[in-house]
Amino acid sequence: MKPIIFLNPVFKQMLWGGNQLRSKFGYGIPGDNTGECWAVSAHPNGDCTVKDGIYEGMTLSRLWEEHPELFGNPKTDRFPLLVKIIDAKDDLSIQVHPDDAYAGVHENGSLGKTECWYILDCPEGASLVAGHNAKTREELADMIHNGRWEELIREVPVKKGDFIQINPGTVHAIKGGMLILETQQSSDITYRVYDYDRLTDGKPRQLHVEQSINVITVPAALAGDSVKAAEHLPGNTMNELISCDYYKVWKLEISGGFSFEQEEPFLITSVIEGEGTLNGRPVKKGDHFILPWGFGKVELEGQMQLIASTAN
Ligand code: ZN
């Protein structure tokens, strides 16, 4: 029987962070400006360790290197995904990510970044930034160089339980008050387009104007194509939220009991609401774990909601 690999999260203090990772998830966060919980990550900027069992204390990156059999003997050189919870007390800067081709050439072989968000909580009438209104690259460059932000930026209304895919080249920003579970390629490459003219220690944060103009998709995809409601989905089944080049993401709403065969190379699972058991072991909101290759039958019981993912 292969083990369930529970992980210890890595927390990141951010200027825009808050304390909901403690108040809503019960984590022992390092301070009242904790913006991110890297829940499942083997990235060098935050490499999670195994919580218990025979691999206790080992980093996920080392587990990936030394025990490929746990991950379906992958061909990629690094753990490909990163799952985090983001607590935005203030607005995040407006940004865009490159794709693999651009990042590989311009960012020292890094991966590009495709990401998606499940909105765990947000205020009434919330919106976030997804896309822009420029029709041509010339117009985009003019709007950015001349600070025509109101014309450029497209805000999209969202509510709790919405799911949004953010492809590389998409202008995007999380706004204050949002609590989000993000599933992404394991990359940290971000180009900042605009930071609302805010000052940090008296200075504006660095913008990446030319890189942004190079990688932003023009015209932007329609907003309606990337946002879908996923708060209430059929119970006791795997509801697929997205399948793209890099990952597949599902939501599970367990009520009573549900079992399935784990047939993916590996299955990342986050409990986002409620509690129950997994093959008899107690699990609760805030737990994150990996079900390895060949795990076999997964038996879930209780009242809980989970987000699961694997690499494509
Ligand atoms: Zn992003």
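1. E2 gives three residues to the lining of the largest pocket, the largest share. Helices (H or I, at least four residues) and strands (E, at least two) are DSSP runs numbered from the N terminus. The model is a predicted one, in which local features need pLDDT of at least 70 and side-chain atom pairs count only at pLDDT 80 or more, while totals for chains, interfaces and linings use all residues. Residues are numbered from 1 along each chain as its sequence is written, and side-chain values use heavy atoms, with hydrogens and water left out.

2. The largest pocket holds about 460 Å³ of space. A pocket is an open set of points on a 1 Å grid over the protein atoms alone, where a 1.4 Å probe fits, with protein on both sides within 12 Å along at least five of seven lines; lining residues have an atom within 4 Å of a point. Its volume is the space filled by probe spheres set on the points, which are joined across faces, edges and corners.

3. Of the 24 residues lining the largest pocket, Met14, Trp16, Glu36, Gln95 and Thr190 lie nearest its centre. Elements that give two or more residues to this lining include strand E2 (10-18) and strand E3 (34-40). The lining has nine charged, eight nonpolar and seven polar residues. Here Ala, Val, Leu, Ile, Met, Phe, Trp, Tyr, Cys and Pro count as nonpolar, Asp, Glu, Lys and Arg as charged, and the others, Gly among them, as polar.

4. The second largest pocket has a volume of about 300 Å³. It is lined by 18 residues, and Trp64, Thr76, Pro80, Ala311 and Asn312 are the closest to its centre. By class, nine of the lining residues are nonpolar, five polar and four charged.

5. Which residues of helix H4 (residues 137-145) are buried? They are Leu140, Ala141, Met143 and Ile144, where buried means under 20% relative accessible area with a 1.4 Å probe, protein chains only. Seen down the axis of H4, these residues fall within an arc of 165°, so they line one face of the helix. The arc is that of the directions from the helix axis to the C-beta atoms.

6. Strand E19 (residues 239-243) runs antiparallel to strand E20 (residues 247-262), with four bridges between them. Two strands pair if DSSP finds at least two bridges between them. Glu240 has Trp250 in E20 as its bridge partner, and a hairpin of three residues joins E19 to E20. E20 also pairs antiparallel with strand E24 (residues 296-311), over 16 bridges; Tyr247 has Ala311 in E24 as its bridge partner.

Technical notes. Buried means under 20% relative accessible area, exposed over 50%, partly exposed in between (1.4 Å probe, protein chains only).
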